[in-house]
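Please look over the sequence and the model before reading the report. The text is meant to be read with both in view.

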Amino acid sequence: MIRKMSLRDIDPVVQAHLLSFPKFFLSILGPRFLSLYYTFLCSDPDGIALVGLNQTGRITGFVAGTTNPRGFYTRLLKKQWLKFAAASFTAVLKKPSLIPRLLGALNYPKENPAGLDVAGLYSIGILPSDQQQGMGRQLVAEFLKEARNLGCRQVFLTTDRDDNQRVNNFYQKNGFTVKRQFITPQGRRMNEYRTDL
Ligand SMILES: CC(C)(COP(=O)(O)OP(=O)(O)OC[C@H]1O[C@@H](n2cnc3c(N)ncnc32)[C@H](O)[C@@H]1OP(=O)(O)O)[C@@H](O)C(=O)NCCC(=O)NCCS
């Protein structure tokens, strides 16, 4: 079953994020940062945030993004920058190299090629124990449906080009095609995907 994410889902969503993206940037910033991030996506009028539940009613996956990608991180931090700074403080103390990346994220939306009718799918994760059972496909399908209902005509997302064949195959099988390739300031080679709605 797929339904909209609500504030009471944030803890299980954060757990699912940490388990499905163990070494990724947002996970390194820690659970408090993730909690603020998903709370924003879940409450923002432009946000699309969905959860997938198994037969016992447990959250096994989530997908989240926005119908208004340009300026997303600025909006995210505008009112809550102090809370985000406090939430990432310990991680930054342990790993100061995170600072340029955090600041870079603020510029990212300016480079975002999306127009007003392009939604961004920012995050999808399924608990490792529940992968390969069709939940990811269903969550993507519902995300696209929701974006279309909200007036969008395309959805974009980015993912690593290297050592990420399974995820690239997953998006291609779900109707996405590579629109552009780029290298992040950290040297990661990325694919930007689009799909028409
Ligand atoms: C990428 C990810 C979201 C895919 O979700 P998923 O639920 O595992 O994907 P699905 O089950 O819908 O589809 C994947 C495969 O399962 C197969 N599948 C679907 N339903 C199935 C079922 N009932 N029984 C068995 N296999 C099934 C699909 O055919 C597909 O296999 P294929 O690639 O060989 O064709 C998930 O693996 C994940 O969370 N990964 C870690 C986080 C991540 O990398 N996210 C994306 C970052 S950009």
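## Basis

The structure is a predicted model.

## The sheet

Seven strands make up an open sheet with mixed pairing, in the order E1-E2-E3-E4-E5-E7-E6. Strand E1 (2-4) and strand E6 (177-183) are the edge strands, each pairing on one side only. On average, and with direction ignored, neighbouring strands of this sheet are turned by 25° against each other.

At the E6 end, E6 and strand E7 (residues 189-196) run antiparallel and are joined by six bridges. Within this pairing, Ile183 stands opposite Arg189 in E7.

## Strand E4 and its partners

Strand E4 covers residues 118-126. On one side, strand E3 (residues 59-66) pairs with E4 in the antiparallel sense, over six bridges. Phe62 is placed opposite Gly125 in E4. With E5, in contrast, E4 pairs in the parallel sense, over three bridges. Here Gly120 has Phe156 in E5 as its bridge partner.

How far is E4 enclosed by the rest of the structure? Nine of its nine residues are buried, so E4 is largely enclosed. The cut-off behind this is 20 or more other C-beta atoms within 10 Å of the residue's own.

Helix H7 (135-149) lies across E1, E2, E3, E4, E5 and E7, and runs at about 150° to E2. H3 lies across strand E2 (47-53) and E3, and its direction is at about 110° to E2.

## The H3 and H5 pair

Two packed helices are described by the angle between their axes and the distance between the axes. For helix H3 (residues 31-43) and helix H5 (residues 81-94), the angle is about 150° and the axes are 7 Å apart. Angles over 145 degrees count as roughly antiparallel, so H3 is roughly antiparallel to H5.

Which residues of H3 and H5 meet? Arg32, Phe33 and Leu36 in H3 are in contact with Lys83, Phe84, Ala87 and Ser88 in H5. By class, this contact of H3 with H5 holds four nonpolar, one polar and two charged residues.

## The shell around the ligand

There are 17 residues around the ligand, and Gln131, Gly134, Gly136, Arg137 and Thr159 come nearest. Strand E4, helix H7 and helix H8 (165-173) are the elements that give two or more residues to this shell. H8 provides the largest share, with four residues.

The residues of the shell comprise six nonpolar, nine polar and two charged.

## Two residues with positive phi

Gln132 is not a glycine, yet it has a positive phi of about 65°. Gln132 sits in the loop between E4 and H7. Is Gln132 buried or exposed? Gln132 counts as exposed because it has 9 C-beta neighbours inside 10 Å, and the cut-off for exposed is 12 or fewer.

Asp163, also not a glycine, has a positive phi of about 50°. Its place is the loop between strand E5 (154-160) and H8. Asp163 has 8 other C-beta atoms within 10 Å, so Asp163 is exposed.

Note on methods. Residues are numbered from 1 along each chain as its sequence is written. This is a predicted model: local features need pLDDT of at least 70, side-chain atom pairs count only at pLDDT 80 or more; totals for chains, interfaces and linings use all residues. A residue is near a molecule or strand if its C-beta atom, placed from the backbone, lies within 6 Å of it. Ala, Val, Leu, Ile, Met, Phe, Trp, Tyr, Cys and Pro count as nonpolar, Asp, Glu, Lys and Arg as charged, and the others, Gly among them, as polar. Axes are lines fitted to C-alpha atoms, for helices over the stretch in contact, and angles run from 0 to 180 degrees between N-to-C directions. Angles under 35 degrees count as roughly parallel, over 145 as roughly antiparallel, 65 to 115 as roughly perpendicular and the rest as oblique. Two residues are in contact if their C-beta atoms, placed from the backbone, lie within 7 Å. Two strands pair if DSSP finds at least two bridges between them.
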